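Subject: Handing over a structure

Hi there,

I am passing this structure on to you, with some notes on what turned up in it. Have a look first, then read on below.

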Amino acid sequence: MKTRNEGLMSARPQSLTFGEKVIVIGAITRDVILRHGKTTHCDLGGMLYNAITLAVLSPNTLVIPISNVGYDAFDEVISLLENYRNVELSGLRRVQQKNIKCTLLLSGEYGIQWDEGEVVPITYSQVKRFIEGSFVLVTFPTGFDLRLNTLRRITEMAKEVYLDYHILTKGRDELGVRYLKRRRNWQEWVKNADFVQFNRFEAGYVSGHLLPSIDDIKLFGKSILRWRVRGVVVTCGKDGSFFTHGNTRHPKCLNVLSEPVKKVLNTIGCGCVYAAGFVAEYLRSHDIETSLRFASRAAALRCTVPNLQALSRALRPLTDNVKIS
Ligand SMILES: Nc1ncnc2c1ncn2[C@@H]1O[C@H](COP(=O)(O)OP(=O)(O)OP(=O)(O)O)[C@@H](O)[C@H]1O
Ligand SMILES: [Mg+2]
(Lines give C-alpha, C1' and ligand atoms only; values in the text may rest on other atoms or scores of the structure.)
(Ligands and ions follow the chains in the order given, each with its own letter.)
Protein backbone atom coordinates (compact mmCIF):
# COMPACT_ATOMS: atom_id res chain seq x y z
CA MET A 1 0.00 0.00 0.00
CA LYS A 2 1.17 3.51 -0.78
CA THR A 3 2.70 5.27 2.21
CA ARG A 4 1.54 8.77 2.95
CA ASN A 5 3.19 11.49 4.93
CA GLU A 6 2.01 13.81 7.62
CA GLY A 7 0.60 17.21 6.76
CA LEU A 8 -2.30 15.86 4.74
CA MET A 9 -4.87 18.12 3.23
CA SER A 10 -8.45 17.22 2.60
CA ALA A 11 -9.44 15.69 -0.74
CA ARG A 12 -12.15 18.34 -1.03
CA PRO A 13 -11.77 21.22 -3.46
CA GLN A 14 -10.64 24.32 -1.58
CA SER A 15 -13.49 26.31 -3.13
CA LEU A 16 -16.14 24.45 -1.10
CA THR A 17 -17.57 26.38 1.81
CA PHE A 18 -19.25 24.96 4.87
CA GLY A 19 -21.76 26.34 7.33
CA GLU A 20 -20.39 24.88 10.57
CA LYS A 21 -17.19 23.26 11.76
CA VAL A 22 -17.12 20.22 14.03
CA ILE A 23 -13.93 18.89 15.54
CA VAL A 24 -14.10 15.20 16.46
CA ILE A 25 -11.49 14.21 19.03
CA GLY A 26 -10.55 10.70 20.18
CA ALA A 27 -8.51 7.63 19.39
CA ILE A 28 -9.05 5.37 16.40
CA THR A 29 -8.95 1.76 17.50
CA ARG A 30 -8.73 -1.62 15.85
CA ASP A 31 -11.54 -3.64 17.46
CA VAL A 32 -11.48 -7.42 17.62
CA ILE A 33 -14.17 -9.66 19.08
CA LEU A 34 -13.46 -13.28 19.86
CA ARG A 35 -16.40 -15.60 20.57
CA HIS A 36 -15.59 -19.12 21.64
CA GLY A 37 -12.07 -18.66 20.31
CA LYS A 38 -13.22 -17.48 16.85
CA THR A 39 -12.82 -13.94 15.50
CA THR A 40 -16.32 -12.64 14.81
CA HIS A 41 -15.40 -8.98 14.29
CA CYS A 42 -12.18 -7.22 13.28
CA ASP A 43 -12.46 -3.65 12.10
CA LEU A 44 -11.28 -0.11 12.60
CA GLY A 45 -13.43 1.71 15.10
CA GLY A 46 -13.39 4.24 17.95
CA MET A 47 -13.70 7.84 16.84
CA LEU A 48 -14.23 6.84 13.18
CA TYR A 49 -17.85 5.97 14.01
CA ASN A 50 -18.38 9.58 15.09
CA ALA A 51 -16.50 11.15 12.20
CA ILE A 52 -18.16 9.10 9.43
CA THR A 53 -21.63 9.56 10.89
CA LEU A 54 -21.15 13.32 11.03
CA ALA A 55 -19.71 13.45 7.53
CA VAL A 56 -22.75 11.62 6.14
CA LEU A 57 -25.51 13.19 8.22
CA SER A 58 -24.18 16.73 8.17
CA PRO A 59 -22.95 17.19 4.58
CA ASN A 60 -22.82 20.99 4.85
CA THR A 61 -20.56 20.86 7.91
CA LEU A 62 -16.78 20.65 7.79
CA VAL A 63 -15.81 17.63 9.89
CA ILE A 64 -12.30 17.73 11.36
CA PRO A 65 -11.19 14.45 12.97
CA ILE A 66 -8.21 14.85 15.29
CA SER A 67 -6.30 11.73 16.27
CA ASN A 68 -2.83 10.20 16.57
CA VAL A 69 -3.02 7.15 14.35
CA GLY A 70 -0.57 4.23 14.51
CA TYR A 71 1.74 3.82 11.52
CA ASP A 72 0.12 0.48 10.63
CA ALA A 73 -3.43 1.88 10.44
CA PHE A 74 -2.84 5.37 9.07
CA ASP A 75 -3.16 4.64 5.33
CA GLU A 76 -6.29 2.60 5.89
CA VAL A 77 -7.87 5.42 7.89
CA ILE A 78 -7.06 7.99 5.22
CA SER A 79 -8.44 5.76 2.43
CA LEU A 80 -11.67 5.47 4.35
CA LEU A 81 -12.07 9.17 5.15
CA GLU A 82 -10.99 10.66 1.86
CA ASN A 83 -14.27 9.47 0.35
CA TYR A 84 -16.04 12.33 2.16
CA ARG A 85 -15.85 15.76 0.58
CA ASN A 86 -16.55 17.48 3.91
CA VAL A 87 -13.79 15.80 5.94
CA GLU A 88 -10.60 17.72 6.63
CA LEU A 89 -7.76 15.21 6.94
CA SER A 90 -4.97 17.42 8.22
CA GLY A 91 -5.86 16.86 11.89
CA LEU A 92 -4.81 13.20 11.60
CA ARG A 93 -1.23 12.49 12.56
CA ARG A 94 0.75 9.33 11.81
CA VAL A 95 2.71 8.30 14.91
CA GLN A 96 5.62 5.88 15.28
CA GLN A 97 3.72 3.56 17.60
CA LYS A 98 1.63 0.63 16.48
CA ASN A 99 -2.09 1.43 16.50
CA ILE A 100 -4.00 0.33 19.58
CA LYS A 101 -5.85 -2.97 19.22
CA CYS A 102 -8.75 -3.64 21.59
CA THR A 103 -9.76 -7.28 21.92
CA LEU A 104 -12.94 -8.44 23.60
CA LEU A 105 -13.10 -12.11 24.48
CA LEU A 106 -16.73 -13.11 24.97
CA SER A 107 -18.03 -16.18 26.68
CA GLY A 108 -21.81 -16.13 27.05
CA GLU A 109 -22.73 -12.81 28.62
CA TYR A 110 -19.30 -12.25 30.13
CA GLY A 111 -16.33 -10.65 28.50
CA ILE A 112 -12.77 -9.71 29.19
CA GLN A 113 -11.11 -6.90 27.27
CA TRP A 114 -7.43 -6.22 26.76
CA ASP A 115 -5.53 -3.70 24.70
CA GLU A 116 -2.29 -4.04 22.78
CA GLY A 117 -0.31 -0.95 21.88
CA GLU A 118 -0.09 2.54 23.23
CA VAL A 119 -2.16 5.62 22.58
CA VAL A 120 -0.36 8.90 22.09
CA PRO A 121 -2.61 11.48 23.77
CA ILE A 122 -3.88 14.31 21.59
CA THR A 123 -2.40 17.65 22.63
CA TYR A 124 -3.94 21.10 22.61
CA SER A 125 -1.51 22.25 19.92
CA GLN A 126 -3.07 19.69 17.54
CA VAL A 127 -6.51 21.19 18.13
CA LYS A 128 -5.66 24.86 18.48
CA ARG A 129 -5.62 25.90 14.83
CA PHE A 130 -9.13 24.50 14.23
CA ILE A 131 -10.85 25.51 17.45
CA GLU A 132 -12.17 28.99 16.75
CA GLY A 133 -15.92 28.88 16.14
CA SER A 134 -16.01 25.06 16.25
CA PHE A 135 -18.42 22.67 17.89
CA VAL A 136 -16.39 19.90 19.57
CA LEU A 137 -17.34 16.24 19.95
CA VAL A 138 -14.98 14.41 22.33
CA THR A 139 -15.01 10.67 22.81
CA PHE A 140 -12.86 8.25 24.80
CA PRO A 141 -12.55 4.90 23.03
CA THR A 142 -9.39 4.14 25.04
CA GLY A 143 -9.49 6.45 28.06
CA PHE A 144 -6.01 7.76 27.18
CA ASP A 145 -7.19 9.79 24.21
CA LEU A 146 -6.42 13.18 25.75
CA ARG A 147 -5.50 14.55 29.16
CA LEU A 148 -7.85 16.45 31.42
CA ASN A 149 -5.86 19.62 31.06
CA THR A 150 -6.14 19.43 27.27
CA LEU A 151 -9.90 18.98 27.57
CA ARG A 152 -10.10 22.04 29.84
CA ARG A 153 -8.24 24.18 27.31
CA ILE A 154 -10.42 22.94 24.46
CA THR A 155 -13.57 23.73 26.43
CA GLU A 156 -12.43 27.26 27.13
CA MET A 157 -12.20 27.96 23.42
CA ALA A 158 -14.92 25.79 21.83
CA LYS A 159 -18.35 27.00 20.86
CA GLU A 160 -20.06 23.98 22.41
CA VAL A 161 -18.82 20.59 23.60
CA TYR A 162 -20.49 17.16 23.48
CA LEU A 163 -18.61 14.55 25.53
CA ASP A 164 -19.10 10.77 25.35
CA TYR A 165 -17.74 9.40 28.67
CA HIS A 166 -17.34 5.91 27.19
CA ILE A 167 -14.34 3.94 28.46
CA LEU A 168 -13.29 6.51 31.07
CA THR A 169 -15.05 4.02 33.39
CA LYS A 170 -12.14 1.66 32.89
CA GLY A 171 -8.47 1.48 33.77
CA ARG A 172 -5.81 -0.77 32.26
CA ASP A 173 -3.27 -2.96 34.07
CA GLU A 174 0.31 -3.53 32.94
CA LEU A 175 -0.76 -6.47 30.73
CA GLY A 176 -3.32 -4.28 28.97
CA VAL A 177 -6.32 -5.90 30.67
CA ARG A 178 -9.21 -3.54 31.36
CA TYR A 179 -10.74 -3.32 34.79
CA LEU A 180 -13.50 -1.15 36.19
CA LYS A 181 -12.21 2.06 37.64
CA ARG A 182 -14.31 4.77 39.17
CA ARG A 183 -12.31 7.91 38.65
CA ARG A 184 -12.39 9.95 41.81
CA ASN A 185 -12.28 13.08 39.67
CA TRP A 186 -14.92 11.97 37.12
CA GLN A 187 -16.82 15.21 37.64
CA GLU A 188 -13.76 17.17 36.52
CA TRP A 189 -14.12 15.50 33.11
CA VAL A 190 -17.85 15.92 32.67
CA LYS A 191 -18.02 19.51 33.94
CA ASN A 192 -16.20 20.55 30.75
CA ALA A 193 -19.08 19.79 28.42
CA ASP A 194 -22.44 21.25 27.42
CA PHE A 195 -23.81 17.76 26.74
CA VAL A 196 -22.54 14.55 28.35
CA GLN A 197 -23.34 11.01 27.27
CA PHE A 198 -23.00 7.75 29.21
CA ASN A 199 -24.38 4.33 28.46
CA ARG A 200 -26.48 2.77 31.20
CA PHE A 201 -23.62 0.70 32.53
CA GLU A 202 -21.23 3.67 32.63
CA ALA A 203 -23.83 5.85 34.38
CA GLY A 204 -24.41 3.03 36.86
CA TYR A 205 -20.78 2.57 37.61
CA VAL A 206 -20.06 6.27 38.02
CA SER A 207 -23.15 6.84 40.20
CA GLY A 208 -22.68 3.72 42.32
CA HIS A 209 -25.89 1.92 41.19
CA LEU A 210 -24.63 -0.94 39.05
CA LEU A 211 -27.92 -1.58 37.30
CA PRO A 212 -29.61 1.80 37.53
CA SER A 213 -33.39 2.03 37.41
CA ILE A 214 -35.10 4.81 35.46
CA ASP A 215 -35.34 6.82 38.69
CA ASP A 216 -31.61 6.31 39.33
CA ILE A 217 -30.89 7.53 35.78
CA LYS A 218 -32.99 10.65 36.34
CA LEU A 219 -31.31 11.38 39.68
CA PHE A 220 -27.90 10.82 38.15
CA GLY A 221 -28.71 13.22 35.30
CA LYS A 222 -30.00 15.78 37.76
CA SER A 223 -26.83 15.54 39.87
CA ILE A 224 -24.66 16.72 37.00
CA LEU A 225 -26.82 19.52 35.67
CA ARG A 226 -24.34 21.97 37.04
CA TRP A 227 -21.25 23.77 35.86
CA ARG A 228 -21.44 24.01 32.07
CA VAL A 229 -23.57 20.88 31.63
CA ARG A 230 -26.97 21.57 30.01
CA GLY A 231 -28.02 18.05 29.16
CA VAL A 232 -27.18 14.49 30.22
CA VAL A 233 -27.83 11.57 27.87
CA VAL A 234 -27.98 8.01 29.17
CA THR A 235 -28.30 5.42 26.41
CA CYS A 236 -29.74 2.01 27.21
CA GLY A 237 -29.20 -0.03 24.05
CA LYS A 238 -32.46 -1.35 22.58
CA ASP A 239 -34.32 0.13 25.57
CA GLY A 240 -33.79 3.62 24.18
CA SER A 241 -32.27 6.61 25.92
CA PHE A 242 -32.97 9.30 28.52
CA PHE A 243 -32.13 12.98 28.34
CA THR A 244 -32.12 15.02 31.53
CA HIS A 245 -31.97 18.77 31.16
CA GLY A 246 -33.05 22.02 32.77
CA ASN A 247 -31.71 23.11 36.12
CA THR A 248 -30.96 21.00 39.19
CA ARG A 249 -34.06 22.25 40.99
CA HIS A 250 -36.51 21.58 38.18
CA PRO A 251 -34.94 19.02 35.87
CA LYS A 252 -36.88 17.48 33.03
CA CYS A 253 -36.29 14.02 31.65
CA LEU A 254 -37.19 12.92 28.14
CA ASN A 255 -37.46 9.24 27.34
CA VAL A 256 -36.49 8.55 23.74
CA LEU A 257 -37.66 5.17 22.50
CA SER A 258 -35.30 3.19 20.33
CA GLU A 259 -36.30 2.52 16.74
CA PRO A 260 -37.27 -1.08 16.00
CA VAL A 261 -34.64 -3.04 14.07
CA LYS A 262 -35.72 -6.21 12.27
CA LYS A 263 -32.35 -7.89 12.24
CA VAL A 264 -29.57 -6.62 14.49
CA LEU A 265 -26.21 -7.40 12.87
CA ASN A 266 -23.76 -5.49 15.04
CA THR A 267 -24.17 -2.90 17.80
CA ILE A 268 -20.54 -1.81 18.22
CA GLY A 269 -20.37 1.95 17.91
CA CYS A 270 -24.12 2.54 18.42
CA GLY A 271 -23.38 5.05 21.16
CA CYS A 272 -20.86 6.85 18.93
CA VAL A 273 -23.35 7.02 16.06
CA TYR A 274 -26.00 8.29 18.50
CA ALA A 275 -23.68 11.09 19.70
CA ALA A 276 -22.75 12.15 16.18
CA GLY A 277 -26.37 11.90 15.01
CA PHE A 278 -27.39 14.22 17.84
CA VAL A 279 -24.73 16.76 16.91
CA ALA A 280 -25.60 16.62 13.18
CA GLU A 281 -29.25 17.44 13.80
CA TYR A 282 -28.57 19.89 16.63
CA LEU A 283 -26.39 22.00 14.33
CA ARG A 284 -29.27 22.15 11.83
CA SER A 285 -32.31 22.69 14.03
CA HIS A 286 -30.97 23.56 17.50
CA ASP A 287 -33.97 21.59 18.71
CA ILE A 288 -33.03 19.08 21.39
CA GLU A 289 -36.02 16.76 21.05
CA THR A 290 -35.67 16.54 17.26
CA SER A 291 -31.94 15.91 17.68
CA LEU A 292 -32.51 13.07 20.15
CA ARG A 293 -34.99 11.33 17.86
CA PHE A 294 -32.65 11.75 14.92
CA ALA A 295 -29.78 10.30 17.02
CA SER A 296 -31.91 7.31 17.92
CA ARG A 297 -32.80 6.67 14.26
CA ALA A 298 -29.15 6.91 13.23
CA ALA A 299 -28.04 4.51 16.00
CA ALA A 300 -30.72 2.00 15.00
CA LEU A 301 -29.50 2.08 11.40
CA ARG A 302 -25.99 1.31 12.61
CA CYS A 303 -27.32 -2.04 13.95
CA THR A 304 -28.46 -3.07 10.47
CA VAL A 305 -24.96 -3.41 8.98
CA PRO A 306 -22.02 -5.59 10.01
CA ASN A 307 -19.13 -3.13 9.91
CA LEU A 308 -17.80 0.39 9.73
CA GLN A 309 -17.33 0.25 5.96
CA ALA A 310 -21.09 -0.20 5.51
CA LEU A 311 -22.03 2.59 7.93
CA SER A 312 -22.44 5.39 5.40
CA ARG A 313 -24.72 3.22 3.24
CA ALA A 314 -26.83 2.37 6.28
CA LEU A 315 -27.25 6.03 7.22
CA ARG A 316 -28.27 7.22 3.78
CA PRO A 317 -32.07 7.06 4.40
CA LEU A 318 -31.57 9.89 6.90
CA THR A 319 -29.98 12.24 4.39
CA ASP A 320 -32.82 12.19 1.86
CA ASN A 321 -34.22 15.48 3.11
CA VAL A 322 -30.92 17.22 3.74
CA LYS A 323 -30.15 19.77 1.05
CA ILE A 324 -26.50 19.79 0.08
CA SER A 325 -25.31 23.32 -0.58
N1 LIG B 1 -30.73 -3.33 19.36
C2 LIG B 1 -30.99 -2.03 19.15
N3 LIG B 1 -32.09 -1.65 18.47
C4 LIG B 1 -32.37 -0.35 18.23
N5 LIG B 1 -31.57 0.67 18.65
C6 LIG B 1 -30.48 0.35 19.35
C7 LIG B 1 -30.11 -1.01 19.64
N8 LIG B 1 -28.95 -1.00 20.33
C9 LIG B 1 -28.61 0.30 20.48
N10 LIG B 1 -29.52 1.11 19.91
C11 LIG B 1 -29.53 2.59 19.87
O12 LIG B 1 -28.20 3.04 20.11
C13 LIG B 1 -28.15 3.86 21.29
C14 LIG B 1 -26.82 3.63 21.97
O15 LIG B 1 -26.70 2.27 22.32
P16 LIG B 1 -25.84 1.77 23.57
O17 LIG B 1 -26.49 2.20 24.83
O18 LIG B 1 -25.62 0.31 23.36
O19 LIG B 1 -24.48 2.58 23.36
P20 LIG B 1 -22.98 2.28 23.81
O21 LIG B 1 -22.93 1.15 24.78
O22 LIG B 1 -22.40 3.57 24.24
O23 LIG B 1 -22.31 1.83 22.42
P24 LIG B 1 -20.79 2.02 21.94
O25 LIG B 1 -20.00 2.44 23.13
O26 LIG B 1 -20.39 0.68 21.40
O27 LIG B 1 -20.80 3.05 20.87
C28 LIG B 1 -29.38 3.44 22.11
O29 LIG B 1 -29.82 4.46 22.98
C30 LIG B 1 -30.40 3.17 20.99
O31 LIG B 1 -30.96 4.40 20.55
MG1 LIG C 1 -20.30 4.17 24.28
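Let me start at a turn: in the hairpin of β6 and β7, with two residues between its strands, G108 has a positive phi near 60°. Helices (H or I, at least four residues) and strands (E, at least two) are DSSP runs, numbered from the N terminus.

Before going further, please note that this is a predicted model, in which local features need pLDDT of at least 70 and side-chain atom pairs count only at pLDDT 80 or more, while totals for chains, interfaces and linings use all residues. Residues are numbered from 1 along each chain as its sequence is written, and chains are lettered from A and ligands numbered from 1 in the order in which they are written.

**The strands**
β6 (residues 101-107) and β7 (residues 110-116) pair in the antiparallel sense over seven bridges; strands pair if DSSP finds at least two bridges between them. Across this pairing, T103 stands opposite W114 of β7. β6 also pairs with β2, this time in the parallel sense, over six bridges. There, I33 has L104 as its bridge partner in β6, and R35 stands opposite L106. β2 in turn pairs with β3 over eight antiparallel bridges, where K38 is the bridge partner of R35. The β2 and β3 hairpin has two residues between the strands, and H36 takes a positive phi near 50°.

**Helix α2**
Which residues of α2 (residues 74-81) are buried? They are F74, V77 and L81, buried here meaning that 20 or more other C-beta atoms, placed from the backbone, lie within 10 Å of a residue's own. Seen down the helix axis, the buried residues of α2 fall within an arc of 65°, so they line one face; the arc is that of the directions from the axis to the C-beta atoms. Their cover includes β2, β3, α1 (47-57), β4 (61-70) and β5 (92-95), with contact meaning C-beta atoms, placed from the backbone, within 7 Å.

**The core**
The largest nonpolar core has 88 residues, of which V24, A51, L54, V196 and V279 touch the most other members. Such a core is a set of buried Ala, Val, Leu, Ile, Met, Phe, Trp, Tyr and Cys residues joined through C-beta atoms within 7 Å. α8 supplies the largest share, 11 residues. Leaving out residues up to four places away in sequence, V279 touches V22, L54, F135, L137 and Y162.

Happy reading!

Methods:
A residue is buried if 20 or more other C-beta atoms lie within 10 Å of its own, exposed if 12 or fewer, and partly exposed in between; C-beta atoms are placed from the backbone. Two residues are in contact if their C-beta atoms, placed from the backbone, lie within 7 Å.
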